[in-house]
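Dear colleague,

I am passing on the structure below, which is a predicted model, and my notes on it follow directly after.

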Amino acid sequence: RDWAEAVRLYRLATAQRHMRATVCLGEMLVNVDPGAGGEPTQQREGALLLARAAQQREDTSVSDAALAFLGEHAGKREVVRACCIGCGQTKKLKVCSKCRVAKFCGAECVQRMWPVHKAGCRRFAAEDAASASAGEGGSEADRAVG
């Protein structure tokens, strides 16, 4: 209940363009655990709020904090699908050629964020390969035996 009230108040402040409130709300929503009843759409909304805060130019401490939070959550699918985790841009994004999940605006952000994205990239690629093989009737070993 307290969490819901905090989200409500941060939404009001965000609607009035308070960027620090936008960062706080974005961080709260990104931290929602879909396995514990949260919605993946809340993580995406949080990432988009952080991206908006990262793109503003009035207060560099706010944009730096937003980018730090995006980088911190680079291992969450809904976060890396929402925006470039390097700069917060949401338009004209390219998909990571390795995991096909994360999005980046260009080579500069890919190079700068690779150390942050690397673990998530490998995990996303492995999860997608596993789900693809499960969708095809199991693993190659299962098919070879059968």
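The side chains of Glu127 and Arg77 form a salt bridge, with N and O 3.2 Å apart; because Glu127 belongs to helix H6 and Arg77 to helix H5, this pair ties together parts that are 50 residues apart in sequence. Glu127 itself counts as partly exposed, at 36% relative accessibility. Within helix H5, Arg81 and Glu78 also meet in a salt bridge (3.4 Å, N to O), and, being 3 residues apart, they are separated by about one helical turn. Of these two, Arg81 is partly exposed at 34%, whereas Glu78 counts as buried at 17%. Salt bridges with shared partners also join Arg77, Arg123, Glu127 and Asp128 into one network.

The search of the whole structure gives 7 salt bridges, one of which pairs Arg11 with Glu45, the closest N and O atoms lying 2.4 Å apart. Since Arg11 is in helix H1 and Glu45 in helix H3, that bridge ties together parts that are 34 residues apart in sequence.

Leu49, in helix H3, counts as buried at 6% relative accessibility, and among the residues it touches are Leu25 and Leu29.

Definitions and conventions:
Residues are numbered from 1 along each chain as its sequence is written. This is a predicted model: local features need pLDDT of at least 70, side-chain atom pairs count only at pLDDT 80 or more; totals for chains, interfaces and linings use all residues. Side-chain values use heavy atoms; hydrogens and water are left out. Helices (H or I, at least four residues) and strands (E, at least two) are DSSP runs, numbered from the N terminus. Buried means under 20% relative accessible area, exposed over 50%, partly exposed in between (1.4 Å probe, protein chains only). Contact means heavy atoms within 4.5 Å. A salt bridge is a side-chain nitrogen of Lys or Arg within 4 Å of a carboxyl oxygen of Asp or Glu. Lists of a residue's contacts leave out its neighbours within four places in sequence.
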